[in-house]
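Reader: Hi! Could you walk me through this one? I'd like to start with the overall picture and then get into the packing.

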Amino acid sequence: MISPVELSLLALAGYRGTQLVVHDSILDLARSRVDAWQQKRPASAFREAVVTLISCVYCTGWWVAGALLAIWLLVTGTWDEEPVLVHGFEWLAVAGAAVLLNRWDDSRKDDH
């Protein structure tokens, strides 16, 4: 199982990765293109799902956390040390911690 330090590191990385995909200006052009693509067929459930995925911190954060955790486990060679179900719980923990950071960050913006 990942350590509390690894959980913290992955949560911080997940928070930052989510911010990058959902909010950062460096990806404005890509988000605009996806939005324009969706507007060509607004009734498409698939296109709507893609737009939701890249605009929702919870949706994006879930997948970013999963990708980061999988990469971490594979690179550190610890993937096979635990059952897949344990990695599922780790995924929930990393995603939950990252979204708490997002919520905290959003609450700070409301104060200013």
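**Fold and helix packing**

Author: Happy to. Among contacts in the protein between residues at least 6 apart in sequence, 62% join residues at least 24 apart. Do keep in mind that this is a predicted model.

Reader: Good to know. How many helices and strands are there in the protein?

Author: The protein has 5 helices and 0 strands. Read along the sequence, that gives the pattern α-α-α-α-α.

Reader: And what box do the C-alpha atoms fill?

Author: Taken along the principal axes, the box is roughly 45 × 35 × 20 Å.

Reader: What share of the residues is buried?

Author: Of the 112 residues in the protein, 29% are buried. The exposed surface comes to about 7300 Å², and carbon and sulfur atoms supply 68% of that area.

Reader: Let's get to the packing. At what angle do H1 and H4 pack?

Author: Helix H1, residues 4-22, packs against H4 at about 135°, and the two axes are 8 Å apart. That angle makes H1 oblique to H4.

Reader: Is that crossing left-handed or right-handed?

Author: H1 passes H4 in a right-handed crossing.

Reader: Which residues in H1 and H4 meet?

Author: On the H1 side they are Glu6, Leu9, Leu10, Ala13, Gly14, Gly17, Thr18, Val21 and Val22. Their partners in H4 are Val57, Thr60, Gly61, Val64, Leu68, Leu69 and Trp72. By class, this contact of H1 with H4 has 10 nonpolar, 5 polar and 1 charged residues.

Reader: I see glycines in there. Where is Gly66 found, and is Gly66 buried or exposed?

Author: Gly66 is in helix H4. Its relative accessible area is 15%, so Gly66 counts as buried, the cut-off being under 20%. From C-alpha to C-alpha, Gly66 is 8.8 Å from Gly14, although 52 residues separate them in sequence.

Reader: Nice. Now H2 and H3: how do their axes cross?

Author: Helix H2 covers residues 28-40 and helix H3 covers residues 45-55; their axes come within 9 Å and cross at roughly 155°. That makes H2 roughly antiparallel to H3. The crossing of this pair is left-handed.

Reader: Which residues do the meeting there?

Author: Arg31, Val34, Trp37, Gln38 and Lys40 come from H2, while H3 brings Phe46, Arg47, Glu48, Val50, Val51 and Ile54. The residues of this contact of H2 with H3 divide into 6 nonpolar, 1 polar and 4 charged.

Reader: What about Ala36: which helix is Ala36 in?

Author: Ala36 is in helix H2, and at 42% relative accessibility Ala36 counts as partly exposed. The C-alpha atoms of Ala36 and Val51 are separated by 10.0 Å, and the two residues are 15 apart along the chain.

Reader: Last pair, then. How do H3 and H4 cross?

Author: The axes of H3 and helix H4, residues 57-75, come within 5 Å and cross at roughly 80°. H3 is therefore roughly perpendicular to H4.

Reader: And which residues in H3 and H4 meet?

Author: Thr52, Leu53, Ile54 and Ser55 in H3 contact Val57, Cys59, Thr60 and Trp63 in H4. This contact of H3 with H4 has 5 nonpolar, 3 polar and no charged residues.

Reader: Let's zoom in on Leu53. Leaving out residues up to four places away in sequence, which residues does Leu53 touch?

Author: With those left out, Leu53 touches Cys59, Thr60 and Trp63. For Trp63, the C-alpha to C-alpha separation from Leu53 is 8.9 Å, at 10 residues apart in sequence.

Reader: What is the relative accessible area of Leu53?

Author: The value is 33%, which means Leu53, found in helix H3, is partly exposed.

Reader: Great, thanks for the tour!

Key
Residues are numbered from 1 along each chain as its sequence is written. This is a predicted model: local features need pLDDT of at least 70, side-chain atom pairs count only at pLDDT 80 or more; totals for chains, interfaces and linings use all residues. Side-chain values use heavy atoms; hydrogens and water are left out. Axes are lines fitted to C-alpha atoms, for helices over the stretch in contact, and angles run from 0 to 180 degrees between N-to-C directions. Helices (H or I, at least four residues) and strands (E, at least two) are DSSP runs, numbered from the N terminus. Angles under 35 degrees count as roughly parallel, over 145 as roughly antiparallel, 65 to 115 as roughly perpendicular and the rest as oblique. A crossing is left-handed if the near helix is turned anticlockwise from the far one by less than a right angle, and right-handed if clockwise. Contact means heavy atoms within 4.5 Å. Ala, Val, Leu, Ile, Met, Phe, Trp, Tyr, Cys and Pro count as nonpolar, Asp, Glu, Lys and Arg as charged, and the others, Gly among them, as polar. Buried means under 20% relative accessible area, exposed over 50%, partly exposed in between (1.4 Å probe, protein chains only). Accessible areas come from the Shrake-Rupley method with a 1.4 Å probe; for residues, only the protein chains shown count as cover.
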